[in-house]
Amino acid sequence: MKRFLKQMVGFTLFCILCASGYFAVNLYVWDEKDLIGSETYISIKKAKDAPAHVRNLIMGGSTGNQLFPNTLFNDSTYSLCCNQAISLVGQYILLHQFLLNHTDPSKLQVFLLLRPSSLRNDLDQRFTYNYFLKPFDHPEYQSHLSPYAQAQLKKVPARRLVQIPFIRRSHWSPNLQHQHQPHNFRISKLSAEYLRKIHSLCKLNNVRSFKLRATYLSSDFGEEELKAFRKDIVDQDLQREMLGYFSTLETYPADLFMEDRVHLLDTSAARANILDKLRLK
């Protein structure tokens, strides 16, 4: 009996220790620079700054952030690139904040740099809780959420818990079963809706130009993988918004990519190529 009690006490202490470790790591209140998706918080702050001298606003996902890091491009070419997981809803919010604070949008060129798979985001990924809900599910941004966006977010488990400050500033998220599909080149209903909204927002604010442009792909992917993507452009009537999208798309040998087959090991050549093609002025 004593042996059994000792084993029970030992097991209980072990469970308490494991639970303490879990909560210490996941529910610790982190600084923004240490949060999951810290690059997004950098872009939110920069969007609210919006210096008057900015002439080229670069937005986009993590491949865009590889080419134009939001920690480095802070002058006339100004980067708000962060992560595809914020979806085009997040990109719209960043742009709206920037245009609220920029004094002369008529001199501004807006470039949205996205890999084809980024347009598949329908706020249905396992990253949505940490990358979208935590930074953007605030009262000040609710007016930017369309009925469809709200419907998608209602499907995310424990959405309301994100309003608790220590949850918002922790690494915790529910165990989301949604799969990220980085090589599924499609355009979601949400992306189509918000691409139109971004285009309209630029027109409403008299922005000099808005262009959606591609970044780069591994040679693993060819025209066969892009067939459905090209069909989505036509089926969702996005020809105007995506005019010239493929003009900057570069393909590089597969061995130049990280294991994820998404990000380049060295972006110097890709940066030079896209700078030349964007013709930033």
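In this tour, Ala, Val, Leu, Ile, Met, Phe, Trp, Tyr, Cys and Pro count as nonpolar, Asp, Glu, Lys and Arg as charged, and the others, Gly among them, as polar. The model is predicted, so local features need pLDDT of at least 70 and side-chain atom pairs count only at pLDDT 80 or more, while totals for chains, interfaces and linings use all residues. Residues are numbered from 1 along each chain as its sequence is written, and side-chain values use heavy atoms, without hydrogens and water.

**First stop: the largest pocket.** Select S62, N83, Q84, H180 and H263, which lie nearest the centre of the largest pocket among its 15 lining residues. A pocket is an open set of points on a 1 Å grid over the protein atoms alone, with protein on both sides within 12 Å along at least five of seven lines; lining residues have an atom within 4 Å of a point. Its lining has five nonpolar, nine polar and one charged residues.

**Second stop: the largest cavity.** Select L67, T215, Y216, T248, E250, Y252, A270, N273 and I274, which line the largest cavity. A cavity is a set of grid points where a 1.4 Å probe fits but cannot get out. Helix 10 (268-278) and strand 6 (250-252) each supply at least two lining residues; helices (H or I, at least four residues) and strands (E, at least two) are DSSP runs, numbered from the N terminus. Helix 10 gives the largest share, three residues. The cavity lining divides into five nonpolar, three polar and one charged.
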